[in-house]
Amino acid sequence: MTDRFVTLSQFVLQQERDHPEASGEFTGVLLDIALAAKMINAAVIRAGLVDVLGATGATNVQGERVQKLDVFAHDTIMKVLGSTGQLAVVASEEDEGIVPMPDDAPIGKYVVNFDPLDGSSNIDANVNIGTIFSILPRISRKGHGTVEDCLQAGRRQLCAGYVLYGTTTMLVYTTGDGVHGFTYEPGIGEFLLSHPNIHTPARGRIYSANEGNYARWSTGMKRYVDWLKQESRATGRPYSGRYVGSLVADFHRNLLYGGIYLYPGDGRNPDGKLRLLYECAPLAFIAEQAGGAASNGERRIMDLAPGSLHQRSPLFLGSPEDVKECEAFLAGTHEGANEERRG
Ligand code: P6P
């Protein structure tokens, strides 16, 4: 904990002063996203009281039932970002195509890809949900941004972060200079620095997976999870299964405690469920900046160039030794990969 309150704005401005070589203009975008997060948080904590529960009946591009809070979160972020004059284009989980800036707004040089409310199926059960965002430099030269501006590999990100709405709401981000966590203090309406320089343990004791998909997994995937449940030679005890079903919540816990989140491809969905652009890539940037790792099972997530906005990718994310071990099982090169399931 720090010895005095430091707001997100103060911290970001200090980071700019410490790195004069960085243009820093995108930090204005980060602060705008934080403003949108405060507005979404106000709606999320009242969700049980105000008629925002329940679905609108519409479905989004993913074919998922759209919850009212989903719509509110998307619209709120668009209202805030659309007026900054710093963006060329955005892409959202809720929209099939890119979202251009309003005609009456100046066009800027940054791009934001975001998932306005990830884990929204948990809304009605009051389980943690989150916003995930990624800020990139535009690559098109002028005018409205293009889909190519959004479809850049994760290593091109300038900033990535998430907001975790819950008992306390947190904003965690990186600009490539470590990972920093801020806890929202509603009494003063500020995000206060609470977790400076987050580092994830080299190895954890937690795995997060939807084992309801076990029957469809590859042999290597099955052998890995079976192995984690045995007396693990590395930690001397079986790993614990922890799965909220909300990526931001599962990732945040594993980031702090250590462990691995895994959502593999399977016989029905070879590329898994999670979207590369606005789920895998931003969390991969954060994981790596915290000393962790993020892989699609064979390659570094940050090196993958998306071919389409909602492209999915298998995701293995968290402590570096756990991710590396998982990859070895998937490749069939781990000593445990040939052990039959015991017990
Ligand atoms: P499943 C939520 O829909 C989400 O995108 C992530 O937040 C979460 O980790 C995952 O899907 C849950 O998927 O198949 O386990 O319900």
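Q: What is a polar contact?
A: A polar contact is a pair of N or O atoms within 3.5 Å. In this predicted model, an oxygen atom of the ligand lies 2.7 Å from an N or O atom in the side chain of Y261. Y263 also brings a polar side-chain atom to 2.5 Å from an oxygen atom of the ligand.

Q: How much of the ligand does the protein bury?
A: The ligand taken alone exposes 400 Å², and the protein buries 83% of that.

Q: Which pocket does the ligand take?
A: The ligand takes the space of the largest pocket.

Q: Which residues are around the ligand?
A: They include D118, N210, Y243, S246, K273 and E279, along with L247, Y261 and Y263. By kind, the shell around the ligand divides into five nonpolar, four polar and three charged residues.

Q: How do strands of a sheet pair?
A: Strands pair through backbone hydrogen bonds, in a parallel or an antiparallel way. Here eight strands form an open sheet with mixed pairing, in the order β4-β3-β5-β6-β7-β8-β9-β10.

Q: Why is one side of β4 and of β10 left without a neighbour in the sheet?
A: β4 (99-100) and β10 (190-195) stand at the edges and have a single partner strand each, so one side of each has no neighbour in the sheet.

Q: In which sense do β6 and β7 pair?
A: Strand β6 (residues 129-137) pairs with strand β7 (residues 159-165) in the antiparallel sense, over seven bridges. To follow the pairing by eye, find I132, which stands opposite Y162 in β7.

Note on methods: Residues are numbered from 1 along each chain as its sequence is written. This is a predicted model: local features need pLDDT of at least 70, side-chain atom pairs count only at pLDDT 80 or more; totals for chains, interfaces and linings use all residues. Side-chain values use heavy atoms; hydrogens and water are left out. A residue is near a molecule or strand if one of its heavy atoms lies within 4 Å of it. A polar contact is a pair of N or O atoms within 3.5 Å; within protein, one must be able to donate a hydrogen and the other to accept it, and residues adjacent in sequence count only if both atoms are side-chain atoms. Accessible areas come from the Shrake-Rupley method with a 1.4 Å probe; for residues, only the protein chains shown count as cover. On a 1 Å grid over the protein atoms alone, a cavity is a set of points where a 1.4 Å probe fits but cannot get out, and a pocket is an open set with protein on both sides within 12 Å along at least five of seven lines; lining residues have an atom within 4 Å of a point. A molecule sits in a cavity or pocket if more than half of its atoms lie within 2 Å of its grid points. Ala, Val, Leu, Ile, Met, Phe, Trp, Tyr, Cys and Pro count as nonpolar, Asp, Glu, Lys and Arg as charged, and the others, Gly among them, as polar. Two strands pair if DSSP finds at least two bridges between them. Helices (H or I, at least four residues) and strands (E, at least two) are DSSP runs, numbered from the N terminus.
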